Amino acid sequence: MEKTDKRTDILNAALKLFAELGFEGTSTRQIAKESGANMAMINYYFGSKEGVFLEIMEDRICGFKSQLNQINDEQIPAKEKLLKVVEQYVNRIFSNITFHKMMHRELSLTQRPSMFSQIKDAMANNRVIIENIIEKGIADGSFRKVDVRMSIATIMGTISLIAISPSKVEDDTNFDIDDEKQREVLRKRLVAHLQDFVITHLTQPQNDNSQN
């Protein structure tokens with residue numbers, strides 16, 4: 001139990017430091033100090049700082065994949081599934097925007113392509129689940145025919161853009177996304193907008209159904 005708890009302490013400490021300082025700005029020594037572990041323990045569990053980062057990323061990606069699979073397995077229409085996916089993804093990003101900013105920055109860099117290739121592959125696997133939901137909706141006639149990947153990119157890209165640059169939609173110069181109440185207002189606004197987008201962009205218009 002003690003070993004498991006210490007491993008978790010290391011991951012939690014690293015998550016906090018990566019979010020605050022970025023990958024390059026965080027050292028293994030800082031992670032050890034923040035977690036109360038020693039360097040040998042970090043090397044034993046993760047091998048390196050890169051190993052710690054990959055573990056955190058894989059945990060977050062696999063956690064979302066688990067949510068996606070649960071939604072996909074529900075016996076509900078494709079539209080309801082996609083609306084749930086939108087809300088869950090927004091909630092996930094907004095639960096730790098600082099870390100999402102850091103992750104987005106790191107994945108856009110080219111210094112460590114081998115380190116991030118497996119992360120990008122895991123993210124692509126999550127996208128496939130969403131693609132399947134939309135494609136099944138198209139096949140059963142509840143969605144109109146669209147460019148599936150463009151639709152997903154629009155949804156995911158909008159979530160990332162608003163999380164990273166809320167000023168794109170907020171006129172208030174005093175808006176602070178780190179303020180819990182203000183962030184919650186923006187989260188609800190974003191979910192409502194994207195769910196409306198799903199309905200208006202994907203739902204088969206009534207007059208199209210009548211012509212079939």
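A: N96 sits in the loop between α5 and α6 (97–108). Helices here are DSSP runs of H or I with at least four residues, while strands are runs of E with at least two, and both are numbered from the N terminus. Please keep in mind that this is a predicted model, where local features need pLDDT of at least 70 and side-chain atom pairs count only at pLDDT 80 or more, while totals for chains, interfaces and linings use all residues. Residues are numbered from 1 along each chain as its sequence is written, and side-chain values use heavy atoms, leaving out hydrogens and water.

Is N96 buried or exposed? N96 counts as buried because its relative accessible area is 19%, and buried means under 20% (exposed is over 50%, partly exposed in between, with a 1.4 Å probe and protein chains only). If we skip its neighbours within four places in sequence, N96 is in contact with L15, A19 and R60; contact means heavy atoms within 4.5 Å.

Now let's step back to the whole protein. It has ten helices and zero strands, and 39% of its 212 residues are buried. Of the contacts with a separation of 6 or more, 69% are between residues 24 or more positions apart.

In soluble globular proteins, nonpolar side chains tend to be buried together. In this model the largest nonpolar core has 34 residues, and L82, V90, F94, I130, I134 and I159 touch the most other members. The elements giving two or more residues to this core are α4 (49–73), α5 (78–94), α7 (113–139), α8 (148–164) and α9 (180–202). Of these, α5 gives the most, with nine residues. A nonpolar core is a set of buried Ala, Val, Leu, Ile, Met, Phe, Trp, Tyr and Cys residues joined through side-chain atoms within 4.5 Å.

Finally, an unreviewed UniProt entry lists residues 27–46 as "DNA-binding region". Such annotations may be inferred rather than shown by experiment. Over residues 27–46 the chain is 80% helix and 0% strand, with the end C-alpha atoms 14 Å apart.
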